[in-house]
Amino acid sequence: MFRDPIRLHTGQKLGRYELLMPVARGGLGQVWVARLRGARGFHKLVAIKTLLPAPGDARLMEQRLHADLRVAALVQHSNIAQTLELDEQDGTLYAVMEWVDGEPLSQVIESAKQLGGVPLLVAVNLIGQTLRGLQAAHEHCDDAGVRRPVLHRDVSPDNILVSHSGIAKLVDFGIARAKRSDRTLGRDNRIEQNFGYAAPEQVVSGPVDPRTDLFGVGVTLYLLTTGRHPFQGRDAASTLRNLLSDEPPLRPSAIKTSYSRTLEAVVMKALEKDRARRWPSAEEMRLALERGVPQAFELGIEAQLRRFMTDAVGERAASKREAIRLAEAVVDAGAGEGAPSSSSATSLRAIAVDTGAARRNSFPAPSRRSMLPTIRPLLNRSVPPPRWRRPLLIAALAAAAIAAASLVWFRVPSKTPNVASAPAVDMVDLNPPRSVGVPPLAVPSALPAPGPSAPAIASTKPTRAKH
């Protein structure tokens, strides 16, 4: 069962999926990038979230998490990371989700500090996309057509993935409730670490509804557009007091004098401590954003989103893709067969995340220069070559042989007398056979006249060009 999971390693299979490398770790589980392989070379990357072992009896947490993930998997929307499969193998419960080639919004915010912060239009558009996903989850209906809202309960920059094409996707539906039900996670419990994004009713364990998720959206939008957290104090206790007090947060216009008053009204309404005074739905909040900042939703904003992601996290994207490619090469070379050796584990540390220190949904950008020397010895081990390597080698040798033969052929001295003493010009047939639609080649006016040792070049039999 969940309390005695198997030890996972690169190359291991969970169901139909090959584990490539761990990319994140949180209070409840570890996220791997994995590969689904099919016939005739088909393969597809997926993300697999596995549950980490927890002390004590975590059976209730396991059951609640599985139930929430099963319901969340029914919500289909482009702004929600899709759950493809839920399964268990040898005591390890895991969820298979779509692989989002991007970064968590928390990392985007951190990287954008070097650029002066996230541009206003980009920030508003990303929040608008997030609200679209939330609206789809809040409007979910069961098979009988009865409305069964799916609440996220932990909307924060950590749980909003932004693809490198600028698409925002919500992840980890239902995880927060499972973590709250578990009393053994201690400091690893993300509810304790992330209460700055939780609504007051969540902190006091009161009833929740879709408006609870909108509070987290409001905190995230405030942070994106001002660079400051609305309730952040000097320590956790002061942050908690700011969150639970009746005092509203500092208005964004007090931080940035040029802040739009219309946008400020949207943000402050989402941050109301009394949920009855918040936006009644994600759709109404999104429409208010579109009315307040229409430029953030105009045609062409997608190109601006892509440029921003390239500028902010483009190098991280290249490093991540290279690391995944190398991980696939390691698995293809047989490094993942059985338990990895100590040398394999050392080499894989160059491309795997230090899951003990990494934040959830984050990815360190490894240096390609330092990564390749570490991984090469593993790739050059004495292992049977893949099927594609032998035909590729034969083709390369054949091409080299043809190139060598051509070089020798064109460098053979011509047997035509007196040509060697002619001026250094390219010997071409100035009057090739006529063909339909092809005019005769004109003689260049700069062509030197033939010397005494080289009679009329045009009248001699053409010789092979000397290169």
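This is a predicted model: local features need pLDDT of at least 70, side-chain atom pairs count only at pLDDT 80 or more; totals for chains, interfaces and linings use all residues.
Me: How many helices and strands are in the chain?
Reply: Helices (H or I, at least four residues) and strands (E, at least two) are taken as DSSP runs and numbered from the N terminus. Counted in that way, the chain has 15 helices and nine strands.

Me: What share of the residues in the chain is buried?
Reply: A residue is called buried under 20% relative accessible area, exposed over 50%, and partly exposed in between, with a 1.4 Å probe and protein chains only. The chain has 467 residues, and the buried part of them is 46%.

Me: Which strands make up the open sheet, and in what order?
Reply: Two strands are said to pair if DSSP finds at least two bridges between them, and β1 and β2 (residues 17–25) meet this in the antiparallel sense over two bridges. In general, strands of a sheet pair through backbone hydrogen bonds, either parallel or antiparallel. The open sheet here has six strands with antiparallel pairing, in the order β1-β2-β3-β4-β6-β5.

Me: Which strands stand at the edges of that sheet?
Reply: A strand at the edge has a single partner strand, so one side of it is left without a neighbour in the sheet. The strands in that position are β1 (13–14) and β5 (83–89).

Me: Which helix lies across β2, β3 and β4?
Reply: The strands concerned are β2, β3 (29–37) and β4 (43–51), and the helix runs at about 140° to β2. Such angles run from 0 to 180 degrees between N-to-C directions, the axes being lines fitted to C-alpha atoms, for helices over the stretch in contact (heavy atoms within 4.5 Å). The helix is α12.

Me: How many of the eight residues of helix α2 are buried?
Reply: Helix α2 spans residues 105–112 and is mostly covered. What covers its buried residues includes β7 (102–104), α3 (120–138), β8 (160–163), α7 (210–226) and α12 (301–332). Among the buried residues are Leu105, Val108 and Ile109, and the number buried is seven.

Me: Which residue meets the side chain of arginine 37 in a salt bridge?
Reply: A salt bridge is a side-chain nitrogen of Lys or Arg within 4 Å of a carboxyl oxygen of Asp or Glu, and the structure holds 22 of them. In this one the N to O distance is 3.5 Å, and because arginine 37 lies in strand β3 and its partner in strand β2, the pair ties together parts that are 19 residues apart in sequence.

Me: What separates glutamate 322 and arginine 325 along helix α12?
Reply: Their side chains meet in a salt bridge of 3.0 Å, N to O. Glutamate 322 is buried, with a relative accessible area of 12%, while arginine 325 is partly exposed at 45%. Because they are three residues apart in helix α12, the separation is about one helical turn.

Me: Where is arginine 153, whose phi is a positive value?
Reply: Most residues other than glycine have a negative phi. The phi of arginine 153 is near 75°, and this residue is buried, with a relative accessible area of 17%. Its C-alpha atom is separated by 8.4 Å from that of glycine 216, 63 residues apart along the chain. The place of arginine 153 is the loop between α3 and β8.

Me: Is serine 205 buried or exposed?
Reply: Serine 205 is found in the loop between α6 (200–203) and α7, and has a positive phi of about 60° although it is not a glycine. With a relative accessible area of 59%, serine 205 is exposed.

Definitions and conventions. Residues are numbered from 1 along each chain as its sequence is written. Side-chain values use heavy atoms; hydrogens and water are left out.
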